[in-house]
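Open the structure in your viewer and keep the selection panel at hand.

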Amino acid sequence: MEILVCARRVPDTSENEIELNAAGNDIERDDLVYSINEPDNYAVEEALQIRDRVGGNVTVVTVGGEDDEEILRRELAMGANQAVLISDEALNGSDGRGIATALKSFVQKGHYDLILTGVQADDGGAQVGGMLAAMLDYPFASLVNSITVDGGKLKVGREIEGGNREINEIDLPCVLSIQTGINEPRYVGMRGIRQVASVPIPTYGNSDLGLDTAAIGEAAAKVKRVDYFIPAAGKGAEILRGSREENADRVLELVATKGGLK
Amino acid sequence: MVVSSQITDWLVPGRTLFLSIQLIGIGCFAFIVAKRLVPLFRAQSDPRFDRLWERLGKVWKFWLAQWKHPRYRFAGILHILIFAGFLLLAQRAFAVLMIGAEHFALPGLSGEFGHLYDVVTDYAATVVFLCMIVAVVRRLVFKPARYAVPAKYGKAHTADAVFLLGLIAVLMAADSFFAASKAAGHVLQDQSAEELAFLSLPWILQSLIGSMSLATLWVLNLTAYLVHELAFYFLLCYRPFGIQFHVETSLFSIYFAKLDKGTVKPVRWDVADEHLDQVKSFGVKTFEDFTWKHMLDFYSCADCGRCADNCPANAAGRPLAPRFISTKARDYVFQHYPVTGTASNSTPLIGTIYSEDEIWSCTTCGACEEECPLLIEYIDKIVDLRRGMIDDGNVPQSLQKPLKALESRGNPYGKMEKRKADWVKSAEFQKTCSVKVLDRKTEAGTLFFVDSITSYDDRMQSIARSTARILGNIGEDFGILGPAEKDSGHEVRRFGEEMLFRALRDHNTEAIQASGAKRIVTADPHAYNALKHDYKDVPPVEHISQVIAREVKAERISFHPVEQPDRVYTYHDPCYLGRHNQVYDDPREVLDAIPGLKRVEMKRSRDRSFCCGGGGLMLFYEPKEEQRMGVLRVKMAAEAGADVIVTACPFCMVNVEDAIKVAGLEGRMSAIDLAELVDQQMVRVQAATAPANEIQRAPELVPGR
């Protein structure tokens, strides 16, 4: 099975102190460390496991710049067969639709039976997967937390609000957005990354993909961020400012009085 | 039936038979041992042919003098008696076997001395025989708990043990019968009979059979000889199939034992650091990835259970007991390298004989290695197995985050580098102490290596501040690396992530060298061990307890008396200060120098200290366990009658403080770091640096004050 995983590099929320920049329209990006978007990592692991069961190839693709090669190397070290970077200045400032457009062109240049994305990016809107499926006219399932290959079809499990699950049969080729927890991604150590340091990562630009510049980039973006802020503490929000022990006791007390403990 | 008139020729009729049994016995033994050696030649290299005198010293102390044995008093003394008996009897057995072939006396064992030797060995055989009876009774009736084998680890070895003990008893009895019947024959024939040792087994037997006819005695003598010979060669050839192989291998295991405590073996002994990238596979994945010495260890394990009995992971109900690391590997090698038939293909060890949780459960505290009478190594094997799992990406999710954070931020918490020196910024602290951040421009003679947890953890920052104030108070010109300091990587290496460790080490080495410091001080035993054993080309390192002890001895530090003389203190030895580096006395001397401080020892202290639960990455690992090691430890402190646990390691502090809460001892027991206690009790050199708010806050660390 030929599997494509669309991945993205994001600031790691657990290893950064996210602060607003002076202009107030974005976060302060100096001194940030990045990693692969967590659900995307689960998607790659799932792709590798499917490949190891039924054979085939796993390709990881990202839309971005040179810096984003970092996550592609990590996924190659994890075991992906190849990695591709889609990079072009014309893509800068694209909204979700612009990114999906670029990915669609890339998909159409190859033959993929299965396309996986993470359920959403830490700093994104969970839109690229669905849009990509629509543009390709492929079936789509979101929030997938199990995949079984069943001949030319897949059986995918989905998480339903309230903790229930459903199993769907879906035709190939298709696009799935992968929920975290579907598997336990393998560890990639420094050694693994060093070993793939010299593996070439092809870069595809606008012309390689035959992209219509009118459909991508800032000019084509129909969704634009107009503000970015840390919400002010509203009514009903209480910030505990005691010692750790006091805070823990207070939290317990609050949860108990609000009926959270049965 | 013709009875030879010359009793020394009694064995003549059986000589051909005896000789063939001997040849077959020796041949079989040689063949079996050769087969047992096959995997050792397929193993990884391990250069242990150096430092002859040091190694002979080990043999002298741990093999011949059985140094570790009396740590388990009864079993130890029993073993020493058996061992001594075997050594004494070895020559007699040889001589007895030889006279089956022809008249024989070992050079030097004839005449007067020979007679004395005979007397000694008569008693030796008796003692060994009695020891066998005691050992069998012990195994069958008293059943010491440490010999039990939980079902998940395989089958109990009691039957095998009793069978072997019985065989040795038969050997001793046959030996004694042989001597007794010969002596009785001599008496009957009025030959110059040598006296058997009074009340020895041969002596008793002689008095029982003395009245028999010469013909009966002859049959008895021949039978005893045959039984002795058969039992001897059966034992010889049977030992390489079980725990008794240590009779042959222990000498070699001890001679080739690891000499440098606190260190971790390199990935491959025969690959230089700069060529590591070309190594196809890291660590131990299949049996042949072990070094030959580690394989020898598997053969040598006598399954005495002392390692497991002292293993904190085992005590806490984690799925690890060191003895089974050895016995399962031995079962594996017996199965895959059979004596008859060909060796089968190697299979992955994880998932077959070892489980992932088993290998991650180890805190590398070293209690097992400290206890093993045969100096069998466990930490290096565990680290090698972890290296294999890391290489295969087989790492628990709970460890992946901190490892990733160590890679990108240089600490397991993912905290920003620029926050590393935030602990010095508290206004109260700055009134009492000033701390330089060293770089190429700012220099100091002493570098205080703080490490991750003491820099970033709110609670442990207090240890950093106390350490800094102590250094300030003794007039030390010191500074820290601040944002340039990354995690020492001590646990990174011991969790098997060698390349990440190297990146951290190289970074720190460069930063330390750039600081121009002439020596390093740390309050973290893990950092201390890393800087001392894992780093190269860095200045000498000391733990703060060593610095304090020296200053106390030189009377440059003095203490105010404790405010509550009724409180009882106990010192908990951190594994990487105590067992791995033998710093036992310095912290105790410091405590004893504080006027009015009452100190008790826990039952398990010094080299038998019980790990609190492990440090570094172990704090992130979610073990499968019945209870926390720390809880067991604070209960030991309570049992000793202590209400303050003093430790000298930030990780011990985390574990012990948590455990006090979990054990429900909050309010009755507290924990304090040695540096904090010294900081609290120390007489300040200058009035201006007298206790500020920071120290007055200390009472909350010690509830009840």
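In which sense do strand S7 and strand S8 of chain A pair, and over how many bridges? Select residues 140–150 (S7) and 153–160 (S8) of chain A: the two pair in the antiparallel sense, over six bridges. Strands here are DSSP runs of E, at least two residues long, and helices are runs of H or I, at least four, numbered from the N terminus. Two strands pair if DSSP finds at least two bridges between them. Now pick Asp150(A); opposite stands Lys153(A) in S8(A).

This is a predicted model: local features need pLDDT of at least 70, side-chain atom pairs count only at pLDDT 80 or more, and totals for chains, interfaces and linings use all residues. Residues are numbered from 1 along each chain as its sequence is written, while chains are lettered from A and ligands numbered from 1 in the order in which they are written.

Show the whole sheet next. Nine strands of chain A form an open sheet with mixed pairing, in the order S9-S8-S7-S10-S6-S1-S4-S5-S11. At the edges are S9 (164–171) and S11 (203–204) of chain A, each pairing on one side only.

Select 69–78 of chain A. This is helix H2, lying across S4 (57–63) and S5 (82–86) and running at about 165 degrees to S5(A). Angles run from 0 to 180 degrees between N-to-C directions, with axes fitted to C-alpha atoms, for helices over the stretch in contact. Contact means C-beta atoms, placed from the backbone, within 7 Å.

Finish in chain B with H8 (246–255) and H9 (292–300). They pack at about 145 degrees, axes 8 Å apart. Among the residues that meet are Phe252(B) in H8(B) and Leu296(B) in H9(B).

Conventions. Contact = placed C-beta atoms within 7 Å.
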